[in-house]
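Please open the model in your viewer and keep the selection panel at hand. The stops below say what to select next and what is to be found there.

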Amino acid sequence: MGFPHPSHPGETVVLSKHFGDAGARTHAGWVERGGYEGLRKALGMTPEAIIEVVKASGLRGRGGAGFPTGLKWSFMPKDDGKPHYLVCNADESEPGTFKDREIMRWTPHALIEGCAIGAFAMGVERCYIYIRGEFTEPWAVMAEAVREAYAAGTLGDNAMGSGKPIHITLHRGAGAYICGEETALMNSIEGRRGNPRIKPPFPAAAGLFAMPTTINNVETLAAVPHILVRGAEWYKSLCKGNPKSTGTKLISVCGHVQRPGNYEVMLGTPMKELLYDMCGGMRPGRTLKAVIPGGSSVPIMTAEEAESALLDYEGLIEKGSMLGSAGMIVMDDSTDMVYQIMRLARFYAHESCAQCTQCREGTAWTTRILERILSGKGKESDFDLLLDLADNMTGTTICVLSDSCAAPVVSGIRKFRGEFEAYIRRERAPVLELA
Amino acid sequence: MTQELVTVTIEGAQVQVPKGTTIIEAAKQAGILVPHYCYHPSLPAPAVCRMCLVEVEKAPKLLPACVTAVAEGQVVHVSSERAKKARTGVLEFLLINHPLDCPICDQSGECELQDYTFQEGRAATRYRDYPKRYNPVEDFGPDILYVTNRCILCTRCVRFMDDVAKSAVLNVSERGDRAFIGIAEEQLLDHPWSGNVVDLCPVGSLISKDFLHKARAWELDKTASICTGCSQGCNITIETRDDAVVRLKPRPNMDVNRHFMCDTGRLDYRWMNRGDRIEAPLLRQGTKAVATDWDTALDRLGQLTGGSGRAVILASGRASVESLGLVRAMLDGFDVTAAVRVPTGPEAPLAGIPNLALRSERAPNVHGAERLGYTRDWAGALNAAGTADLVVVLDASLDAEEEQRLQEVKGALVVLGTVVADFHHRAELVLPVTTMAEENGVYVNRDGRAQRYMQARNQAGMARPSWWIAGEVLAGPGPDADAPATAAQAFEDVGRRYPAFADLSHQSLGWVGQTLRETAGTAR
Amino acid sequence: MSAGHVVDAEPYEPVFTGETMAELERRFAEYPNKQALLLPALWMVQERRGWISESTISEVAAVLGLTPAYVKGVVTFYTMYHTHPVGRHFIQVCTTSPCGLCGAEDTVRALLEHTGCGEVGATSADGRFTVVEVECLGACGFATPVMVGDDFIESVTPEKVPELLARYP
């Protein structure tokens, strides 16, 4: 549901059903609401059968990449004698995205249950849930839920009386956006700087502690119990017509809409419906200017592009952007696009891990150029410079943070060039003063 | 063991390399240098500088050559437009905050940032409107300064300390463009092998205080040599400016020292520049020592060594195989006790590299000496010297008590020496010899590997190699074509006299040396 | 850089003794090596001391079998670890784009004014508050989120600032 707002009829409420319902937070409350049935069912199945169900459901990673979850699980080696790990990525830090926070705050046991099912299916020794350091309240809720789950015997050496050990450990981040990148996150758990790793090796071969590892997003794992209980066919049927994008998706909407919040919709829902019906449209007297639909790292869409887009993995690629983590940043006609793009670049410059040259220096330089333009000292040649730097920063580094900084610059210049020109030609008053 | 080979085409050249080889190493075999900063063959590759991005046909993105393994049939382009643009881009990013202080930078002339920028960098900067990042110079340890502003964050130094020295005293601190190489307040960069970070630094960020502002790289003459610091036998380069040794650098030898040398060896070169040298042969006449020419000196030496009885040789562990072998052969008429001096000190391993350490035997040719019949029984030899008919001191360094004892020997005393010492006034003959830096020669390391070193500076005054002196004596008085004229000839002469060195030549030892066939008799 | 680093109180009192050490040791069982306890151990230090000094860095290194330099490299990577003392109430305001669109910078100004901190990163003269701008707090739909210590407060507008601060004496 469009938490913190009441559910909208256009939503398909699965994961968000109990958002705002404090009773669902407790182990007993969760069981009362049908919780842990998915795990019970899974424990009676073979690991292979569980993976088949997840595969058949069409569930794709909800963290941003959209990789088929069942397929990812099937990459884990079998009977290799090594410890396996499942890592839940709860480092939600992509600007515009705030859905995992609500899953953990309101339905902690849904996540624990999903982790437990994944842990059992992949022969995992221990599941680590990496929660970003700023999420103090989700942490407290999750910590209590894990404690309860152990106390109730749902977790432990004999999970739900199955004779199978399932263990979960919460691990707290400490302020680093890049730790949301899966290999950086694994480094962080290992007590290292959160530097992304070179791939290969891929996590399924050598991940956390150099052991076979699967890493899944909170929302992905929270969907798994529902799939186990209600079946792959049911999940697949939550579909607006694109068989590659099935199930529901929590869309975080923020910025200049009347009702920002988390909306759970079937993939393939028109973005227009979400923006205007569910979120109540723009503030009075304002019109839509731009949308960044998948967290800050994806290309910016114009109002026209956004209003004609379908919200699924393929639909947004078709419009030149990406679903990403489905954190929608909505900007109305009052928005200074140059300023917002500078602000995003500054974010990436702050968060660059410092490994790759292009990212370390390029994010900072890009920010400086944009700040200079905003201070009234821009030049016509800045367009070529920004685009050339963006080209050098794209596809050349270990992870995509550098690309993410370049994307809004490139799409911003392409789609809102006039706003840059207004600063450069001194038609617009400077909004920044440079030291 | 047969290794599976794959064939790849790099810049149009086909090479066959073992499966698993990286593109950067395969390119080396094809004679192509892929520009790089963070990669180093003796360190784990992090692929962070992104300088070695190459275009691989059918791959959508440029790939880092340092971590991408070759695949059968792969076609790699190092100088394609895309690859060059990427490198030019990296160079530009590296330079925006790099000071243009090449005129006062020790790395200038041997700087990889300079070199690649000259090759492929932009002619002018586009980073005009902002001040460069500034941070003060940090004192990292006894011999190392960190010039933060020049750092390109390749992290070679950090990886060397973490993965090779196994002493993580350096880190990357902070994030983004605020990052720098950091150190903890209480733990300095004083590891016995820390000097290698200066060599590894591709720019002038980590610099040696010992070498600070001593010379420009292009003024240096470089000579292949062997470290004299211990019996490990690290391959080194002696670097001289105007005939003075100004620094020692490791020279790669994968079987001995990979790319490294310890600080003890690295800083042990000042003796090579000593000015208090014996400049001419000194002949004892009554109570005086008078300078003479070599003919006279060699005649006198011929007389002294032409006798019989008991002789003692007290030799330096730095003396070459050639000198030790021929000097001993020169005394064949005597019952000879030959000993080599082996100073000792604590062993300091480089933990991450098997069989590489500063050895407790602090002499480079102990094991060569042993194969030539020298013992380590220094005290025994010194005792024997007291009553011997002839005592030959071959450039051995002696303490005051030992010098005193040599002044009291019964028999004749002959010194083949480099620097002047008090006890020389007791000698019948004092002959100026070259230091190892002034001659060619061979040392045998602790693993029985014979390795050559080359003459790095001119000999002092009339100094001659000890093997030349002995060779002349062995050939008899008068002009003689049989006496060895070069160290190579002397080495072959040694080979004819000592089975351990039979059938070897300087040429056969090459640049990386060769392990001697039998190592029996080597005291371990 | 190291210039201007703050020195810990002398003599140094170790953090990892008694129950604190026991708590850390209990957690060793959940990880295959001690290094993985680095972030948790640093959190334990910060919870108890308020910040992470050079001395505690050395202590953590010794407890986990690491070097001080290694630990320092990790500490400085993560922005939530304080390497110098901060005010009694550490206030983090999100100013990343989504919140920026919704007036986060006005909230920052109000916080600076009402705390008396004056500028971002500074601590008020009475030592009560430190205000910093941070990147995305992950509550973009609830602009502007503000963290005071471990409390996470949503939808803070300039008007709500005085009342909010009053809760933190």
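Begin by selecting chain C together with chain B, where the contact (heavy atoms within 4.5 Å) takes 15 residues from chain C and 18 residues from chain B. This is a predicted model, in which local features need pLDDT of at least 70 and side-chain atom pairs count only at pLDDT 80 or more, while totals for chains, interfaces and linings use all residues. Residues are numbered from 1 along each chain as its sequence is written, chains are lettered from A and ligands numbered from 1 in the order in which they are written, and side-chain values use heavy atoms, with hydrogens and water left out.

**The interface of chain C and chain B**

The area buried between these two chains is about 1400 Å², with carbon and sulfur atoms giving 55% of it; buried area here is the accessible area (1.4 Å probe) that two parts lose on being put together, summed over both. If you look for salt bridges (a side-chain nitrogen of Lys or Arg within 4 Å of a carboxyl oxygen of Asp or Glu), there are 0 across the interface of chain C and chain B. Polar contacts are pairs of N or O atoms within 3.5 Å, where within protein one atom must be able to donate a hydrogen and the other to accept it, and where residues adjacent in sequence count only if both atoms are side-chain atoms; between chain C and chain B, 6 residue pairs with both members at pLDDT 80 or more are in such contact.

Now colour α3 (54–64) and α4 (68–75) of chain C, the elements that give two or more residues to the side of chain C that touches chain B; helices (H or I, at least four residues) and strands (E, at least two) are DSSP runs, numbered from the N terminus. Of these, α4(C) gives the most to that side, with 5 residues. By residue class, the side of chain C that touches chain B divides into 6 nonpolar, 7 polar and 2 charged, where Ala, Val, Leu, Ile, Met, Phe, Trp, Tyr, Cys and Pro count as nonpolar, Asp, Glu, Lys and Arg as charged, and the others, Gly among them, as polar.

**Chain B and two of its residues**

Zoom to B:Val169, which lies in the loop between α4 (156–164) and β8 (170–173) of chain B and is buried, with a relative accessible area of 4%. Among the residues that B:Val169 touches, not counting residues up to four places away in sequence, are B:Met161, B:Leu188 and, from another chain, C:Ala69.

**The interface of chain A and chain C**

Select chain A with chain C, where 58 residues of chain A are in contact with 41 residues of chain C. About 3800 Å² is buried between them, 56% of it on carbon and sulfur atoms, and A:Arg172, A:Ala174 and A:Arg343 supply 16% of the area that chain A buries against chain C, more than any other three residues. The rule finds 3 salt bridges across this interface; C:Glu154 forms a salt bridge with A:Arg105, the closest N and O atoms being 3.2 Å apart. The largest share of the side of chain A that touches chain C, 8 residues, comes from α14(A).

**The sheet in chain A**

Finish with the open sheet of chain A, in which 5 strands run in the order β6-β5-β11-β8-β9 with mixed pairing; two strands pair if DSSP finds at least two bridges between them. β6 (261–266) and β9 (301–302) of chain A stand at the edges, each with a single partner strand, so one side of each is left without a neighbour in the sheet. Strand β8 (residues 288–292) of chain A pairs with β9(A) in the antiparallel sense over 2 bridges, and A:Ala290 has A:Thr302 in β9(A) as its bridge partner.

Key
Buried < 20%, exposed > 50% of the residue type's maximum accessible area, 1.4 Å probe, protein only.
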